[in-house]
Amino acid sequence: MFKELGIKYPVMNKNTDDYELVRDFLSGNEKSFNLLARKYQERIYWHARRMLGDHDDADEIVQQVLIVMYKKLNTFNFSSALFTWIYKITITRSLNLIKKNKLKNMLSFSSEEKIEHQGYQNIIGNIEAKESFERMEKLLMKLPVKQREVFVMRNYDELTYDEIAEITGKSVGALKANYFHAYKKVKELMQKNET
């Protein structure tokens, strides 16, 4: 997946400072970028996966985000946390892909649904977990994009409303309202599925 970037997977020191890694990379140390990619690729993947509901699409987003990071890290201004900057890129790329997929579906003559999702066997080991994962993924896809975005960031990425506001540029009040509606809808859908 990351061959194009030449990314290797060195062992990471969890105490390594992101800013220090960015500075090292900007001064020519390629290993520092590899450490950043290694540190954030899984978080990028899971955020994109929950937004898009598809392994291949999420995998594509990871590649896009890492390429953007590699090319544009010199534009990072150190005024926020690095993950905030990365999440902005991830959200933008995910939303663009959602729009692209909607347009593609509208223009296609036959809307075949994907029956089989690839990659689950590698991600989820047992059938029970797989079914639960797929059920939740389907529920998330029923939420409007704005609600899905805040729901995923609050519940899966465990971000505060202030962090989400910084990433999305939306007010905390609007985010709380979207989250409330998302939570209510997920709860209703889960109860409907149980009956």
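Entry one. I started at asparagine 178 and found it in contact (heavy atoms within 4.5 Å) with Lys146, Gln147 and Val150, leaving aside its neighbours within four places in sequence. Asparagine 178 sits in helix α9; helices are DSSP runs of H or I with at least four residues, strands are E runs of at least two, and both are numbered from the N terminus. I noted asparagine 178 as buried, because its relative accessibility is 18% and buried means under 20% relative accessible area, with exposed over 50% and partly exposed in between (1.4 Å probe, protein chains only).

A note on the source: this is a predicted model, where local features need pLDDT of at least 70, side-chain atom pairs count only at pLDDT 80 or more, and totals for chains, interfaces and linings use all residues. Residues are numbered from 1 along each chain as its sequence is written, and side-chain values use heavy atoms, with hydrogens and water left out.

Entry two. I stayed in helix α9, which spans residues 172-194, and looked up lysine 185 there. Lysine 185 is partly exposed, at a relative accessible area of 31%.

I then zoomed out to the whole protein. I counted 9 helices and 0 strands. Of the 195 residues, 40% count as buried. Among contacts with a separation of 6 or more, 68% come from residues 24 or more positions apart.
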